[in-house]
Amino acid sequence: MNISNSDILLLAHASFGTMGCMAALWVFVEALNARPSNAVRLQRAALLTAVCMAAAWICGGYWYVRFYPAEKLIILKGPWPFAHNLFMETKEHLFFITGILAFLLPIATRERLYSDGPGRKLVLSVAGLIVITGLAVEGAGAAINHGVKVSLLHNESKGASR
Amino acid sequence: MNSGSDSESTKLTATTSGFVLAAAVAVLFNTGLAWAKDVSPRLNDFMKSLGGHHWTTHGLADLAVFLGLGFIFAKTRVAEKIDPNRLIGALVGAAVIAGLGLALWYVFV
């Protein structure tokens with residue numbers, strides 16, 4: 001078994017991102033049923049969202065700066081150059097929006113949400129946007145990964161046919 | 001069960017409204033900076049020289065805008081004067097425009 005630091009970082013990035021999306025969904029559901037008794041649980045779920053997204057940011061950021069350039073070259077030589085030109089370019093900047101919203105969520109959940117005022121509407125909006133943009137980023141990650149795979153398969157099949 | 005006054009339930013606190021407005025500005029700033037880096041290799045190189053990688057500097061700049069403006073808006077209570085529903089609408093609108101702005105930019109440009 002040969003698991004490199006690059007593999008660990010990349011899997012940690014995707015895992016933290018997924019957990020952040022799930023925590024945001026948890027906040028959304030708690031906010032739909034907001035009442036005084038679940039206020040603390042809701043705030044903890046919002047904090048978990050922010051912590052997971054921060055961890056995804058750090059792991060993914062280090063991997064992107066340190067290890068991605070080699071994969072970018074592989075993608076651009078293959079049949080799916082848009083895996084970088086469209087998906088990675090969009091993902092690397094869209095993630096910042098998810099991150100900012102995730103850092104806003106613990107602040108928003110300090111509002112009194114069970115009174116059905118704008119605080120509840122704000123938390124539902126922010127948590128919903130985190131889930132949507134977070135899943136878009138996850139999907140883009142899968143497309144980038146597939147861009148590397150089809151490039152390697154393409155080059156291997158070319159080599160085998162010679 | 002609402003034990004507070006009506007004004008409490010129809011308003012956001014100064015801190016929350018300040019950071020909501022800051023987040024709306026920060027997500028638009030993020031997309032604007034991505035566009036600017038794409039059309040200006042000089043800006044891209046300058047950002048690389050600041051943080052070691054343009055993406056690192058970009059992320060730190062976004063955080064600085066969000067946190068910096070958030071504290072300023074919260075302290076000056078400027079965002080508290082905006083109707084909360086309009087403020088939430090502005091944040092959602094900014095996130096949608098910024099997200100679509102990124103995707104469409106990299107599709108067509």
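Modeller: Along helix 4 of chain B, the buried residues are B:His54, B:Trp55, B:His58, B:Gly59, B:Asp62, B:Val65, B:Phe66, B:Leu69, B:Gly70, B:Phe73 and B:Ala74, where buried means that 20 or more other C-beta atoms, placed from the backbone, lie within 10 Å of a residue's own. The model is predicted, with local features needing pLDDT of at least 70 and side-chain atom pairs pLDDT 80 or more, while totals for chains, interfaces and linings use all residues. Residues are numbered from 1 along each chain as its sequence is written, and chains are lettered from A and ligands numbered from 1 in the order in which they are written.

Helices here are DSSP runs (H or I, at least four residues), numbered from the N terminus. Helix 4 of chain B covers residues 54-76, and its 23 residues reach 32 Å from first C-alpha to last, close to the 33 Å expected (1.5 Å times one less than the number of residues). Just after this helix, B:Arg77 takes a positive phi of about 60°.

The buried residues of helix 4 of chain B pack against helix 2 (14-39) and helix 3 (41-51) of chain B, and also against helix 2 and helix 4 of chain A. Between the chains, 30 residues of chain A are in contact with 34 residues of chain B, contact meaning C-beta atoms, placed from the backbone, within 7 Å. On the side of chain A that touches chain B, helix 4 of chain A gives the most, with 15 residues. Of the 27 residues in helix 4 of chain A, 23 are buried, so this helix is largely enclosed by the rest of the structure.

Terms used: Buried ≥ 20, exposed ≤ 12 C-beta atoms within 10 Å, placed from the backbone. Helix = DSSP H or I, 4+ residues; strand = E, 2+ residues; numbered from the N terminus. Contact = placed C-beta atoms within 7 Å.
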